[in-house]
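Please read these points with the sequence and the model open. They are meant for someone who has not looked at this structure before.

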Amino acid sequence: MQDGTDWSAWPLYNSAETGFRNYWYPTVWAHQVQEKPVPITLAGERVVLIRDGDTVRGLHDRCPHRGVPLSEGRRQFPGTISCAYHGWTFGLKTGKLDAVITDGPDSPICGKLSVATYPVEERLGMLWVYIGEVAAGEEPPPVERDIPAELTENTLVLGGRTEVRKGNWRFAAENGFDEGHAKYLHNTALWRLFKVMPTWNKTRIVEKDGWLVRVQDELHYEAEFPGVGTFTNKRWWKRVPLPDHPDKNGDANPVISAMDIPGFVSVRMPGLLRVAYPKFIHYEWYVPVDADHVRYVQLMVRFETGATALAFKAKYLAAFRWLFHGQFTRQDAWMVNVTDAPPERLYRPDLSINAWRRHVEQLAPVVQPTERRVGH
Amino acid sequence: MQDGTDWSAWPLYNSAETGFRNYWYPTVWAHQVQEKPVPITLAGERVVLIRDGDTVRGLHDRCPHRGVPLSEGRRQFPGTISCAYHGWTFGLKTGKLDAVITDGPDSPICGKLSVATYPVEERLGMLWVYIGEVAAGEEPPPVERDIPAELTENTLVLGGRTEVRKGNWRFAAENGFDEGHAKYLHNTALWRLFKVMPTWNKTRIVEKDGWLVRVQDELHYEAEFPGVGTFTNKRWWKRVPLPDHPDKNGDANPVISAMDIPGFVSVRMPGLLRVAYPKFIHYEWYVPVDADHVRYVQLMVRFETGATALAFKAKYLAAFRWLFHGQFTRQDAWMVNVTDAPPERLYRPDLSINAWRRHVEQLAPVVQPTERRVGH
Amino acid sequence: MQDGTDWSAWPLYNSAETGFRNYWYPTVWAHQVQEKPVPITLAGERVVLIRDGDTVRGLHDRCPHRGVPLSEGRRQFPGTISCAYHGWTFGLKTGKLDAVITDGPDSPICGKLSVATYPVEERLGMLWVYIGEVAAGEEPPPVERDIPAELTENTLVLGGRTEVRKGNWRFAAENGFDEGHAKYLHNTALWRLFKVMPTWNKTRIVEKDGWLVRVQDELHYEAEFPGVGTFTNKRWWKRVPLPDHPDKNGDANPVISAMDIPGFVSVRMPGLLRVAYPKFIHYEWYVPVDADHVRYVQLMVRFETGATALAFKAKYLAAFRWLFHGQFTRQDAWMVNVTDAPPERLYRPDLSINAWRRHVEQLAPVVQPTERRVGH
């Protein structure tokens, strides 16, 4: 295991403090963007989301005139946003300067400039924003490229949270795929009353269809540490899961069982974790905000319809939402916030972290943000 | 219109982040300085204002011994201020070290050093402070040089506010003289229920007696913007002003009518705006504090005496104070705070801003602050 | 007297922004460290204090794995602390990695690394921490080296406070030994109702047994400053002390009278002030925290037993604690916080400060903090 005084072994990863461009990222719920423009920061860029009837548009959140955020502006005319300061009025779809109220209808600057626009799509109830270069006359890749197919090809019911937390997105992603921490850190979470975890494992990382997957060769639910003591994650009121799948109980959801992503925990670019419980899947996106903040988008998905779906939704709102997407993952956020590396000393389970870093290093697009999009 | 990636076209203006020296600036009301020394920051310098009977003195707010602010000190002996730490006692008029309590009457340092003093005058109920070099045995220019003569040569009644707001003084001054913004930004201000403004103008800037004046050649109260919609600033309950003077109603104050500064809005160094309403004049000083703060000194003046004056004072306190010097100009302060330029893209009405920048560039004194006055 | 634009005359002192290593420093009361680990910062290093039965251990407050503070950790097994994140478990005495819960009993990293430990001793009810290099197999100097012998060789009763205040430790130490300020600054403290001080003195500094001592050749309780006025520190209800010792009242405590440190006020490395009142001694440690914070450890000690000791303890808690260790020394802390030097202009009484700087410069150990101990 490498002894890291820095991250120079992964130069692209090392420099990706504010994330990678040329990806679709989930942001806020579609219903959160109504009358009022919603400013967000995504991969270091300031974007304003504005509802235009049934669709939502994304614009660079900076009026080119004097730098005032467009999110402070007014919805004066249909299909436009007007800067609060001088009434510069931009088309939401094109970003073009369509009118300048305080310069009259013959304003010579009108039609001569634009603010950058960002492709926005609505999927799974969320707004997905594409951060990247789209040449004139071209289209961005379809949003489906960056959403697991199982989520768009199946009937499903979901519950979720989206919230910005302190810490860098890479610490959040490493925490997510980290083989080691969950068994110890979350030992005190209420969620673990219902969910048994091992104390330590032997693990391999395999790659399949763009996912990195943690495969466990050995599971140990209890261990005796010489000279120190015994640690157990067993719960007398819970059965220890069968050895071939740590969470298989025999009555797993048939859609999940049929999926071809193996294993319990997997991760893929640009920072999406997938945890396959027998009856539902938990997804977690680590969306880069700026160097010190990361947006956690957490979805819990069940592939059911009718009464089963309704029951799951009720259970989510009543319990899972605060037990799992609240208390449990806030323990992660606590650690992400106080992690301070490099320097670091890695140990055996960190093969998962190193595999992730190598994976990113191979796939990362070498793209620099353009000057005109970067806010001040 | 220039496309500004930076302000290198106006090098003096560009470097005047904390304002210009060799001017008198209005600061706080005279009645605000009583027993307790009052510390202010002016053009980046820390000044303490101390009342000495009928006059107020200004001293550099830093004891030269160990750097403790004199504004923390004690008024131990008449005509002096004593540093709270060791009783170094400075004459308020001269700044000279007159006694050192804890070193005895034969203290050898006594009389050997001084803190810098700042000329202070009281005019219009305010304390005016001169920031600049005054050679030994010389006097600063008279304060009247930096106050419009109409304010010292006429009988008048006034109401006003002085307060420090966020943002750089240059954004505040540009906002003040800006031809474009008021018609749109203040469209929502209550003050505008009583005051009709055009939607867009054609404007020239002329210079007269040291003032830059905005002269309007065309006024448009309503406009149709192709493909976007109609914008109007008309109010059905208010008459649109006569074309030769946007605010002339026929019964203007004779003193104002006779003044030889033409036009509605004018500006002069070092950052004074004048808005001539038919019956009163509104003045606004943008006094530099530090790079991120500006003191707004707002005065509303009527050239009347007796009952008319009293009625105006009552109206000011009851309405104008919060409608105009409050809500209306706080909209300006909001924009000044979020303006983030350069880079900037200027448009036709910004000829007013560019004229102001050129004006400053020509008149600005090339003076660097002396080392000993600059606080830490 | 030197006119200081900088402190380059004392290069070691100048660079000792976070204090000196290779000393024992008092920190918190022993009773303040119970179940919960207590993080402190000492001379710029992050240290966690952890109770292990009757003793308290000090460890570098950073898990070497991913930089998470060990003070966030859990007391899982006797004699150890486990990092909250992955259960890396360190022996409190050795700092050695004794077990890694999430890597199983055969973890290859186990026993291969350590966190730095800090010697901790309990004296006078406080925890003393040694910041410095201790080579393998060697011991740090005995804590008694850095505690005045009079405090370990006599029976005594004490009261005290330990608290972190704003400001650099050097300003605090200079303020402590400063000949000049107390007579003026504390003129308004309630403590001074009972304690008469001169207005100005003639003073020499002598060195004795590692202490710098202020010796007064002349005392003046009142003075007339020409053209300014009269200043007096006399109190009509208090007798002015005898001239040979400013605080001797004839009935001094015999232990204090017999001590061979002369004078009322003395100071020694690494920043300990001693003020010998006739019946008790006040000690004040200026413990460096970081560049902007200093820990004041104040002890008031009486060398008595039985009823006299009890009465003193009661008096301390009822009065001295807030009068002297509260209001009086908070006036010092106020000045320490606003002192802003260099540049500075020194005066006659500052011979005490300059003597202290020279003293430090001669004795200061030239030691750089090691990389691995410095937190991030």
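Predicted model: local features only at pLDDT ≥ 70, side-chain atom pairs only at ≥ 80, totals over all residues.

The points below cover salt bridges, backbone geometry and cysteines.

1. Salt bridges overall. Counted over all chains, the structure contains 63 salt bridges. A few of them are described in the next points.

2. A contact between chains B and A. B:Arg348 is paired with A:Asp106 in a salt bridge, with 2.8 Å between the closest N and O atoms. The pair crosses between chains. On the chain B side, B:Arg348 sits in the loop between strand E21 (344-345) and helix H7 (351-363). On the chain A side, A:Asp106 sits in the loop between strand E8 (97-100) and strand E9 (117-118). B:Arg348 counts as partly exposed because its relative accessibility is 27%. A:Asp106 has a relative accessibility of 40%, so A:Asp106 counts as partly exposed too.

3. C:Arg66 and A:Glu344 form a salt bridge through their side chains, at 3.3 Å from N to O. C:Arg66 belongs to the loop between strand E5 (55-60) and strand E6 (80-82) of chain C, while A:Glu344 belongs to strand E21 (residues 344-345) of chain A, so this pair joins two chains. Are these two residues, C:Arg66 and A:Glu344, buried or exposed? Both are buried.

4. A contact inside chain B. B:Glu163 and B:Arg165 also meet in a salt bridge, at 2.8 Å from N to O. B:Glu163, at 23% relative accessibility, counts as partly exposed. B:Arg165 counts as buried because its relative accessibility is 8%, and the cut-off for buried is under 20%.

5. Cis peptide bonds. Most peptide bonds are trans. In chain A, the bond between A:Met269 and A:Pro270 is cis, with omega at about 0 degrees. A:Pro270 is in the loop between strand E17 (265-268) and strand E18 (272-276) of chain A. Another cis bond links A:Pro342 to A:Pro343, with omega at about 5 degrees. A:Pro343 is in the loop between helix H6 (306-338) and E21 of chain A.

6. Positive phi values. Most residues other than glycine have a negative phi. B:Leu124, which is not a glycine, has a positive phi near 55 degrees. B:Leu124 lies in the loop between strand E10 (120-123) and strand E11 (126-131) of chain B. B:Asp209, also not a glycine, has a positive phi of about 50 degrees. The loop that holds B:Asp209 runs between strand E13 (200-208) and strand E14 (211-220) of chain B. B:Asp209 counts as exposed because its relative accessibility is 55%.

7. Cysteines. How many disulfides does the structure hold over all chains? The count is zero. For A:Cys83, the nearest cysteine sulfur is that of A:Cys63, 4.0 Å away, and A:Cys83 is in no disulfide. A disulfide needs the two sulfur atoms to be within 2.5 Å. A:Cys83 counts as buried because its relative accessibility is 3%. In chain C, C:Cys83 is in no disulfide, and the sulfur of C:Cys63, the nearest one from a cysteine, is 4.0 Å away. C:Cys83 has a relative accessibility of 2%, so C:Cys83 counts as buried.

Definitions and conventions:
Residues numbered from 1 in each chain as written. Chains lettered and ligands numbered in written order. Heavy atoms only, no water. Salt bridge = Lys/Arg side-chain N within 4 Å of Asp/Glu carboxyl O. Helix = DSSP H or I, 4+ residues; strand = E, 2+ residues; numbered from the N terminus. Buried < 20%, exposed > 50% of the residue type's maximum accessible area, 1.4 Å probe, protein only.
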